[in-house]
Amino acid sequence: MAVNTDGLKRLWKTVFGDPDSFIDAFFRIAYSPDRCRYIEEQGQIVSALYWFDCEYEGGKLAYIYAVATHPDHRGKGLASRLLEETHDHLKALGYAGTVLKPAKGLFPFYERLGYTTSGYVRYIAAKAAQTPVELMEISPHAYSSGRLGYLPKDRVAQRGVIIDFLASFAKFYGYYDSIICVSREEPVVIEYMGSAESAPGILAALGIKEAELPTFGTDIPHTMWHPLNCTKKPGYLGITLE
């Protein structure tokens, strides 16, 4: 039976309000029926989620993304049921665990489902220098590989489809001691890896006056994980799309 992708798109639009261009890019580049689960009621998709495959020292992870329940169907425990069913499904497939980035205020909800905080971030405050550095645009996959050299051993490796989707709305740049991911639409820094000392010159090259540059750290809880076939907790996830 074919998946009702139009119904999935309508639910996404209702819950998240993203532009059609973003939704279409996700379904064109990143969507797979093998990495999606949903609940239907009376022929309508009322709750859904997706995941990206990624890896860490403990094995294969599913990065759970875009968990959504229609506003008219909330309070029924649908998201909890969907997540629990997804956990069972992924465990049977041999996944080590799942990771996700909770929306603001939802850490307690995921804790009730067995999730614990795993990844943390910090922000580097920087203002543009008077003289920009010579910044080079790099390919998405050069960024994906290069960032791993900056990250701690327990980091999560993200390659393939998630990077292709990220490239639909982001650009990637490299300097001799730093790499950076920036939104295409607005000069918003998505992730920064490297030297804090180089940040002012990089911001000047990007035309950004000042920014809080997100990077790995121990300051702010960022992601959570749920063990399935492995109890080794992953660290920094980094590229989250929320």
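A word on the source before the content. The model is predicted, so to speak of local features we require pLDDT of at least 70, and side-chain atom pairs count only at pLDDT 80 or more, while totals for chains, interfaces and linings use all residues. Residues are numbered from 1 along each chain as its sequence is written, and side-chain values use heavy atoms, with hydrogens and water left out.

Overall picture. The protein chain has seven helices and eleven strands; helices (H or I, at least four residues) and strands (E, at least two) are DSSP runs, numbered from the N terminus. The radius of gyration is 19 Å, close to the 18 Å that the globule rule gives for 242 residues, so the chain is as compact as a globular protein of that length. That radius is taken over C-alpha atoms, and the globule rule is 2.2 Å times the number of residues to the power 0.38. Along its principal axes, the C-alpha trace spans about 60 × 40 × 30 Å.

Of the 242 residues, 48% are buried. Buried means under 20% relative accessible area, exposed means over 50%, and partly exposed is in between, with a 1.4 Å probe and protein chains only. The accessible surface comes to about 11800 Å², and 49% of it belongs to carbon and sulfur atoms; these areas come from the Shrake-Rupley method with a 1.4 Å probe, and for residues only the protein chains shown count as cover. As for contacts (heavy atoms within 4.5 Å), take those between residues at least 6 apart in sequence: 68% of them join residues at least 24 apart.

Now the sheet. Four strands form an open, antiparallel sheet in the order β6-β7-β8-β9. Its edge strands are β6, residues 136–137, and β9, each pairing on one side only. Two strands pair if DSSP finds at least two bridges between them. Going across, β6 and β7 are joined by two bridges, and E137 has Y173 in β7 as its bridge partner. I180 has Y192 in β9 as its bridge partner, and the hairpin from β8 to β9 goes through five residues.

How enclosed is strand β8? Five of its six residues, in the range 178–183, are buried, so β8 is largely enclosed by the rest of the structure.

In α5, residues 140–148, the buried residues are Y143, S144, R147 and L148. They cover an arc of only 130° around the axis, which puts them on the same side of α5; the arc is that of the directions from the helix axis to the C-beta atoms. As background, an α-helix has 3.6 residues a turn, so residues three or four places apart point the same way. The cover over the buried residues of α5 includes α6 (161–166), β7, β8 and β9.

Helix α2, residues 20–30, has F22, I23, A25, F26, F27 and A30 buried. These pack against α1 (5–16), β2 (44–56), β3 (59–69) and α6.

Last, salt bridges. The rule is a side-chain nitrogen of Lys or Arg within 4 Å of a carboxyl oxygen of Asp or Glu, and by that rule the count is nine. One of them is between D24 and K9, with the closest N and O atoms 3.7 Å apart. D24 lies in helix α2 and K9 in helix α1, so the pair ties together parts that are 15 residues apart in sequence. Both ends are partly exposed: D24 at 36% relative accessible area and K9 at 27%. D20 and K13 also meet in a salt bridge, at 3.4 Å from N to O. D20 is partly exposed at 48%, and K13 is partly exposed at 35%.

Which distant parts of the chain does the E57 and K232 pair link? The salt bridge itself has its closest N and O atoms 3.7 Å apart. E57 is in the loop between β2 and β3, and K232 is in the segment after β11 (220–227), 175 residues apart. E57 counts as partly exposed at 42%, as does K232 at 41%. Salt bridges that share partners join E57, K153 and K232 into one network.
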